[in-house]
Amino acid sequence: MRTSHLFIRVLKILGLGAYFTFALGPIIWIAMMSLKNSNDVIASPPKFVFTPTLENYKAITVGQHAQHVETLRPDYPKYFLNTLIIASATVVVSLLLGTFAAYSLARFSFRFKEDIAFTFLSFRFAPELMVILPLYIVFQKTGLNDSYSGLTAAYQLVTLPFLIWVLRGFFEDIPREIEQAARVDGYTWWGVFRKISLPLVKPGVAAVVILSFIFAWNNFIFSMILGGERTQTITLGILGFIGYERVLWGQMAAATMICVIPELILAFFVQNYIVRGLTFGAVKG
Amino acid sequence: MTGYALRTQSPNPPHRSLPYLLTLPALLALIGILYPFVLGVYYTFTNYILTEPGNIRFVGLTNYIEIFKTLDFWKAFSLTFVFAGSVVIIELALGLGVALLLKDAFPGVRILRSLLIIPMMIPPIVSALMWKVILLPTDQGVLNHILSFVRFPPIAWLGDSATALLSLIIIDVWIYSPFAILIFLAGLQSLPKEPYEAAKVDGASGWFMFRKLTLPLLTPCIVLVTLFRLIDSLKVFDIIYATTKGGPAGATVTLHIQSYFEAIRWFRMGRGMVYLFVLWFLCFIFSKALSRLWTKVLMR
């Protein structure tokens, strides 16, 4: 009995060890790669022990010409800034458009309510290009392609259905009695919404804002088709390090770290809401 | 867990038009999205060539008939399903397995659970690129190097049509298995205790309890993971674009990738939209069926 118990424990540890090596190995490897000089990075077989250097980070941020590292004027800060602008604007617009819709879907009964809610949800399950390619034609005709406003509008497809569905769930979690008591006390619906409901869902709103921001930040396909030289985002920028003319593994790795570390820090703050967010409010983890 | 359909009775609004007024801004944004969608469906019936925007002719079902006759379409169609089916099955199994290991408290379990969110929060396109480096052919790739310690010959991974799809499956499993794990963990932690105690009293084995209690009780989780992972893997794009771009020799061309080739690379907007409409239709049917199934298993 005791030996079989021990055996199962060892198996469990081995299983977890294997899975987490698989899950974390790649990111650790890329982090190591970002600290390698240009010779170490292309070494075959790959090096596990090397002298760390920050030259890749320098090359993509300030463009310092270190030995053997070819770099043009770095565009990476511009991509970073572009993504920051587009993702922030996207979240603000989604919040303005979506909060009231979410509250109304959560609190009131009206005709076509579930149809409207499901129409929002259905975009979550549609292939992106189905909307983006025709939108590309529309944008070309209206001059919206490669513009911040155009991309912010298009990115609503990424964040708005998400925000409405998850926030709706948070509003529904508020006990109805609290709102009813406030109505009895003479508050208008707007007073109830602003003074009671909104403060109560604050943590939920914060989580939704952060997750929407991450989804917008991570997006690739929208900016690839609808963006351009001027509005190029970070995901396209990182992809650009690996091309036909140049293969800069080290700089790509450094760019990856700069791209993901801020969002991982943000994600850790809202980790308790991530399952709920990713399932559009279906699982209240 | 609550169902999308399990809503309590909502009160009537103070004014009848208020809910519509509140939803209106979002609805208008939605119409802004629906318009290109309808436009896209219209394009499927035209000979729209991107380089000749002045020369759009209505051609009826010609695009559909032509495409359904090509081998390329059916190859992309079956490849899409092979990919989606494989990743859904692997992610369900791996997700449940790791969730069972992380279910009980032990020192460090909270940290491990937090670390799970890392692969999910990295842009998929960047994750794919990271894996492209790890899966480099020859000894230059770190995975081949590690495999050489156990006398494995180097594999070309993404560069060989025999292993390219497998490589993509590995990448997809890396990105999305944490999603399955976290959902199963939430499910496992909300399981009722009584049936297990009753089964123990009756002397049931662990395997018996897993099969007869845990699995049936986790059905909503299984349906939910299948819903999200099936739809997202049917419309997979980013990870293929970042790695193989459909190659080598067309070994990884899915419906979404083929639509991109048709519309953007070969300028055949009409044909590209047909591929997309077929894909959209598949996603629509499966998402409808699975979300209905999900509310049904929750009501049970």
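Chain A is divided into two domains, with domain 1 running over 2-61 and domain 2 over 76-278. Before I go on: this is a predicted model.

I'll stay with those domains for a moment. Taken over C-alpha atoms, the centres of domain 1 and domain 2 of chain A are separated by 32 Å. Their contact takes 13 residues from domain 1 of chain A and ten residues from domain 2 of chain A. On the domain 1 side, at least two residues each are supplied by helix 1, helix 2 (38-41) and helix 3 (55-61) of chain A. Which helix gives the largest share of that side? Helix 3 of chain A does, with five residues. By residue class, the side of domain 1 that touches domain 2 in chain A has eight nonpolar, four polar and one charged.

Next, the contact between the chains. Here 73 residues of chain A are in contact with 73 residues of chain B. On the chain A side, the largest share comes from helix 1 (residues 2-34) of chain A, which gives 13 residues.

Now chain B. It has 14 helices and zero strands. The C-alpha trace of chain B spans about 75 × 75 × 30 Å along its principal axes. Chain B has 300 residues, and 43% of them count as buried. If you take the contacts in chain B with a separation of 6 or more, 71% are between residues 24 or more positions apart.

One helix pair in chain B will do as an example. Two packed helices are described by the angle between their axes and the distance between the axes. For helix 3 (residues 71-102) and helix 11 (residues 219-234) of chain B, the axes come within 9 Å and cross at roughly 145°. Is the crossing left-handed or right-handed? Helix 3 of chain B passes helix 11 of chain B in a right-handed crossing.

If you want to find the contact on screen, helix 3 of chain B brings residues including Phe83(B), Val87(B), Glu91(B) and Leu92(B). Among those they meet in helix 11 of chain B are Ile222(B), Val225(B), Arg229(B) and Leu230(B). In total, the contact of helix 3 with helix 11 of chain B has nine nonpolar, four polar and two charged residues.

How values were computed:
Residues are numbered from 1 along each chain as its sequence is written. Chains are lettered from A and ligands numbered from 1 in the order in which they are written. This is a predicted model: local features need pLDDT of at least 70, side-chain atom pairs count only at pLDDT 80 or more; totals for chains, interfaces and linings use all residues. Two residues are in contact if their C-beta atoms, placed from the backbone, lie within 7 Å. Helices (H or I, at least four residues) and strands (E, at least two) are DSSP runs, numbered from the N terminus. A residue is buried if 20 or more other C-beta atoms lie within 10 Å of its own, exposed if 12 or fewer, and partly exposed in between; C-beta atoms are placed from the backbone. Axes are lines fitted to C-alpha atoms, for helices over the stretch in contact, and angles run from 0 to 180 degrees between N-to-C directions. A crossing is left-handed if the near helix is turned anticlockwise from the far one by less than a right angle, and right-handed if clockwise. Ala, Val, Leu, Ile, Met, Phe, Trp, Tyr, Cys and Pro count as nonpolar, Asp, Glu, Lys and Arg as charged, and the others, Gly among them, as polar. Domain bounds come from an automatic or database domain assignment.
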